[in-house]
Amino acid sequence: MSRADEPDPAADETIRALEAALAQSPDNVPLIRHLARTLGQQRRFEDAERWYRRALQLASDDDTLRLALAECYLDQNKHNHAGVIVDLLLQRDPPVAGTFVLHARILLAEGDVRRAVHAFHRAVEDDPKQAESELARRLGLSAADLAGRSGDDRDEDDAGVPEVVDGRVRSLADEGPNELAGLELERPRIAFADVGGMDALKEEISIKLIQPQKHPELFKAYGKSVGGGLLLYGPPGCGKTHIARATAGEAQARFLAVGIHDVLDMWLGNSEKQLHAIFEHARRNAPCVLFFDEVDALASKRSDMRGSAGRHVINQFLSELDGVSASNEGVLILAATNSPWFVDPAFRRPGRFDRMLFVPPPDETARAAILEVHLAGKPLEALSAAKIVKKLDGFSGADLHGLVERAVEAKLRAALKQGAPSPLTEKDLMRAAKLVKPSTREWFSTARNHVLYANEGGLYDDVAKYLGLE
Ligand SMILES: Nc1ncnc2c1ncn2[C@@H]1O[C@H](COP(=O)(O)OP(=O)(O)OP(=O)(O)O)[C@@H](O)[C@H]1O
Ligand SMILES: [Mg+2]
């Protein structure tokens with residue numbers, strides 16, 4: 001806008017004339033805007049600020065005025081004031097022209113070069129002329145870096161974000177297409193038979209995700225929509241990831257596991273593109289179970305990602321889920337969290353994660369089954385898994401896994417000492433059990449508060465039932 005303008009000797013004249021005119025019609029917003037802009041050009045920012053505020057009192061829904069006020073704040077190094085306004089403007093759909101540029105300037109002024117670059121890319125998408133601007137040069141970006149990244153035809157896989165090296169931004173041209181690095185497509189060899197207990201859960205997953213895939217006509221005939229996902233929640237180590245992987249095996253699908261923290265951290269400022277690339281990867285490899293771990297991170301991150309960055313990631317996630325730009329046919333979506341109470345409620349709308357499934361610590365039968373799974377293939381004396389797990393209430397699958405590991409280690413140590421191996425016995429396992437503390441208790445003490453005080457719509461009824469609170 002007005003910032004790079006030279007001081008103008010005639011400006012004082014103009015300012016006086018505008019002030020005189022305003023004395024006649026004090027509520028004339030265009031006049032006030034003109035005056036404020038001229039004052040800003042004369043670097044009389046405090047006066048300009050005062051007039052912009054006055055104009056906003058008269059035209060409170062004029063975002064161009066709001067943006068001008070934010071610029072005026074930034075010119076006075078009031079980053080915070082400017083940031084608050086820009087955060088507000090970024091929530092508009094679409095934000096008024098110039099919002100992204102100012103966002104980038106604020107971030108740069110705050111020293112957050114990475115996010116400034118990200119904001120600047122948006123600015124260029126908004127207005128390609130920005131690629132040639134002074135700000136582009138200050139960010140160390142050339143027009144060539146920015147070319148081809150605007151518009152809708154950009155390559156979805158081109159998710160590289162420039163790196164800051166010695167305070168400078170490395171050129172985008174240096175970045176290889178390693179955007180899905182660290183994400184591995186698996187073909188799990190485990191199926192439901194390898195998951196101990198959890199029969200109700202297997203049934204739900206089967207009806208909601210696997211059967212619709214196998215018999216789409218049948219589900220369509222009943223007008224049952226196919227799609228959406230399931231959100232698994234519960235204490236750590238009780239098999240959320242395990243059952244997600246087994247779901248893929250059961251459905252003879254591939255498995256793509258994504259930690260939301262990775263999406264948010266590794267591709268800072270580029271998470272939306274990254275999410276899109278991940279969904280596309282799963283769609284290309286259908287049938288595929290797409291598993292999102294730690295989805296609560298999306299919500300908890302939202303508060304500390306200043307402004308709308310977090311909102312953008314959530315919106316991107318939701319529109320991918322809704323299959324807005326591409327069909328999710330053949331993509332089974334599962335998500336998991338230990339903290340369902342931090343998950344954004346927008347996730348639970350129909351057609352999204354409309355069903356939350358509680359994955360409880362295994363009951364006695366399930367514990368025995370889990371123990372047997374982990375003992376399978378090891379040298380064993382005849383023993384009763386049922387007897388061993390009887391007193392192990394609150395033990396998670398991971399705890400039982402740990403117990404077996406401990407028993408095996410002790411056995412190996414003994415075998416090395418004696419020079420002869422001997423099979424695992426009931427006693428070995430009982431002894432190991434004493435050394436492992438059940439790890440789920442802490443989770444339940446947190447969960448209890450949410451069940452008692454925030455169980456709207458019976459969201460956590462399963463937990464209430466489990467705790468005997470209903
Ligand atoms: N029902 C089960 N049957 C067999 N093994 C199980 C079962 N539940 C858990 N396990 C074992 O416990 C380990 C931990 O389970 P998993 O990683 O799936 O827990 P989680 O709920 O995803 O935990 P977190 O919340 O920490 O991610 C698994 O590797 C698996 O060996
Ligand atoms: Mg897990």
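Residues 24 or more positions apart account for 70% of the contacts in the chain with a separation of 6 or more. Two residues are in contact if their C-beta atoms, placed from the backbone, lie within 7 Å. This is a predicted model: local features need pLDDT of at least 70, side-chain atom pairs count only at pLDDT 80 or more, and totals for chains, interfaces and linings use all residues. Residues are numbered from 1 along each chain as its sequence is written, and chains are lettered from A and ligands numbered from 1 in the order in which they are written.

**Overall make-up**

- The chain holds 22 helices and 8 strands. Helices (H or I, at least four residues) and strands (E, at least two) are DSSP runs, numbered from the N terminus.
- Of the 470 residues in the chain, 39% are buried. Buried means that 20 or more other C-beta atoms lie within 10 Å of the residue's own; exposed means 12 or fewer, partly exposed in between, with C-beta atoms placed from the backbone.

**Nonpolar cores**

- The largest nonpolar core has 75 residues. Such a core is a set of buried Ala, Val, Leu, Ile, Met, Phe, Trp, Tyr and Cys residues joined through C-beta atoms within 7 Å.
- Val289, Leu290, Phe291, Leu332 and Leu334 have the most contacts inside this core.
- Domain 2 (185-358) and domain 3 (364-435) each supply at least three of its residues. The domain bounds come from an automatic or database domain assignment.
- Another core lies apart from it, with 41 residues, including Ile85, Ile106, Ala116 and Leu146.
- Beyond its neighbours within four places in sequence, Leu290 is in contact with Leu256, Ala282, Val331, Leu332 and Ile333.

- Strand E5 (residues 254-259) pairs with E6 in the parallel sense over 6 bridges. Pairing requires that DSSP finds at least two bridges between two strands.
- Phe291 in E6 is the bridge partner of Ala257.
- Strand E7 (residues 331-337) runs parallel to E6, joined to it by 6 bridges. Here Val331 in E7 stands opposite Cys288.

- Ala248 sits in helix H12. Ala248 counts as buried because 27 other C-beta atoms lie within 10 Å.
- From Ala248 to Phe291 is 43 residues in sequence and 9.7 Å in space, C-alpha to C-alpha.

**Ligand 1**

- There are 19 residues around ligand 1, and Pro236, Gly239, Thr241, His242 and Gly397 come nearest. A residue is near a molecule if its C-beta atom, placed from the backbone, lies within 6 Å of it.
- Helix H12 (240-250), helix H17 (364-375) and helix H19 (397-418) each give two or more residues to this shell.
- Domain 2 (185-358) and domain 3 (364-435) both contribute to the shell, so ligand 1 lies between them.

**Pro362**

- Pro362 is in the loop between strand E8 (355-358) and H17.
- With 28 other C-beta atoms within 10 Å, Pro362 is buried.
- Not counting residues up to four places away in sequence, Pro362 touches Gly196, Gly197, Cys238, Arg367, Ile370 and Gly397.
- Pro362 and Met198 are 164 residues apart in sequence and 7.4 Å apart in space, C-alpha to C-alpha.
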